[in-house]
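Welcome, and take a moment to turn the model around before reading on. The report below walks through it piece by piece.

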Amino acid sequence: MDSSGSDFSAERYFATQPPPPSLDEDIARVRTFIRHQLQAGRKVVLVTSGGTTVPLELNVVRFLDNFSAGTRGATSAEYFLKAGYAVIFMHRQFSLQPFSRHYSHSTHPFLDFLEIDPSGSNNIQITVTPSERDQLLEVLTAYKEVHRLGTMHTLNFVTVNDYLWLLRAVSKELSVLGRNALFYLAAAVSDFFLPRQKMSEHKIQSGKGSLHIEMDQVPKILKPLVDEWTREGFIVSFKLETDPALLIPKARTALETYGHQVVIGNDLHRRKFEVVFVSPREPCSSGKTNDAESTFVETWIRIDLAKDPKKEIEEDIVQELVNRHHSWIQQSKQS
Ligand code: 9Z3
């Protein structure tokens, strides 16, 4: 695979691309958080969220980006917290976050529903528009409880390089939890990158006609994640497609290649109301076969937004995963 010179194995990637400067500090905090959750007997989920960038210059002016607002990750994190999990929320800097996502500056800016009540000149009060009170109270109560319990830890990435280094280090830390660790890999990760050694130091200059950039393939990080970094964790990856016909075949290929537990397939335009869980069929129910149809099971989750516009599909996704993760933990106790 490396012979073409354009594909990086994970090993070669980490040997040649530098870690983000804050990695050691970030991981020391993650370690403390995990120790605390271990003592409290909580399961921990790593939620990755948002898109990674690929810088084109060392002094970066231009970069490629991957689509993701961070809605899937931030919303799911809230439901995991509600289900009693501790959450490591590893997200693209400035993408949506649990709780504050309800008051995104572009869709629901909170300044719009705060009012100044000048009842006394020395005693100005800020009040909340009555129609917003109930929801704010609910969000704020859940948020304060998470702070009180210390059940969420937040980490930032920007580039695909930050993401890969963090994912490797966090997953190694999570391995102390054995089967109690869940990986929910919803971040939209670049498939291609520009190695540091090939980047121009300064801003690429225009005026020489069209720009040609040859990018290398980002290593398939799920392979070492499953085989080396965290052998017992329950691993869920997402597959994003724009051609619905590719969703299930690509999800099956990912499971065949990496050997993890679940791929959640989502079509870009239908992702808010429909996803498909693809997972290996339990050996006892199918017998031995090489037929992909019977080697994998598909479970669709759909919600009806016309009937219930406030419903979030992440609630059902997380419920299904909590059940599956529970069975996964029970299986190991029986064997
Ligand atoms: C997803 O498929 C996420 O569900 C979305 C969420 C990015 C669609 P939003 O943040 O969107 O709610 O706006 N994430 C995984 C995308 C990805 O890069 N998957 C890789 C692939 O498809 C595999 S790891 O090849």
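## A first walk through the model

F94 is found in the loop that lies between strand 4 and strand 5 (114–117); helices (H or I, at least four residues) and strands (E, at least two) are DSSP runs, numbered from the N terminus. This is a predicted model, in which local features need pLDDT of at least 70, side-chain atom pairs count only at pLDDT 80 or more, and totals for chains, interfaces and linings use all residues. Residues are numbered from 1 along each chain as its sequence is written.

Most residues other than glycine have a negative phi. F94 is not a glycine, yet its phi is positive, at about 70°. F99 also has a positive phi, near 70°, and is not a glycine either. The loop between strand 4 and strand 5 holds F99 too.

How open are these places to their surroundings? A residue counts as buried if 20 or more other C-beta atoms lie within 10 Å of its own, as exposed if 12 or fewer do, and as partly exposed in between, with C-beta atoms placed from the backbone.

| Residue | Other C-beta atoms within 10 Å | Class |
|---|---|---|
| F94 | 10 C-beta atoms | exposed |
| G178 | 13 C-beta atoms | partly exposed |

G178 sits in the loop between helix 5 (160–174) and strand 8. From C-alpha to C-alpha, G178 and I116 are 52 Å apart in space, and 62 residues separate them in sequence.

Next comes an open sheet of 8 strands, with mixed pairing and the order 7-4-1-8-11-12-13-14. Two strands pair if DSSP finds at least two bridges between them. Which strands stand at the edges? They are strand 7 (152–157) and strand 14 (296–302); each has a single partner strand, so one side of each is left without a neighbour in the sheet. On average, neighbouring strands of this sheet are turned by 15° against each other, direction ignored. Axes here are lines fitted to C-alpha atoms, for helices over the stretch in contact, and angles run from 0 to 180 degrees between N-to-C directions.

With strand 1 it pairs in the parallel sense over 5 bridges, and V45 has L182 of strand 8 as its bridge partner. Strand 8 and strand 11 also run parallel, joined by 4 bridges. Here F183 has I235 in strand 11 as its bridge partner, while L185 stands opposite S237.

In a regular strand the side chains alternate between the two faces of the sheet. In strand 8, A181, F183 and L185 point one way, L182 and Y184 point the other way, and all are buried. Strand 8 is thus mostly covered, with 5 of its 5 residues buried.

Helix 2 (residues 23–40) lies across strand 1 (44–49), strand 4 (86–92) and strand 7, and runs at about 155° to strand 7.

The chain is divided into domain 1 (1–99 + 149–228) and domain 2 (233–335), with bounds that come from an automatic or database domain assignment. Taken over C-alpha atoms, the centres of domain 1 and domain 2 are separated by 22 Å. Each domain brings 20 residues to the contact, where two residues are in contact if their C-beta atoms, placed from the backbone, lie within 7 Å. Ala, Val, Leu, Ile, Met, Phe, Trp, Tyr, Cys and Pro count as nonpolar, Asp, Glu, Lys and Arg as charged, and the others, Gly among them, as polar.

In helix 6, L222, P224, L225 and V226 are buried. The buried residues of helix 6 pack against helix 1 (10–16), helix 5, strand 11 and helix 7 (244–258).

**Around the ligand**

Where does the ligand lie? Domain 1 and domain 2 both give residues to the shell around the ligand, so it lies between them. Of the 15 residues around the ligand, S68, T71, R72, F238 and L240 come nearest; a residue is near a molecule or strand if its C-beta atom, placed from the backbone, lies within 6 Å of it. Helix 3 and strand 11 (234–241) each supply at least two residues of this shell, and strand 11 gives the most, with 4 residues. The shell divides into 7 nonpolar, 5 polar and 3 charged residues.
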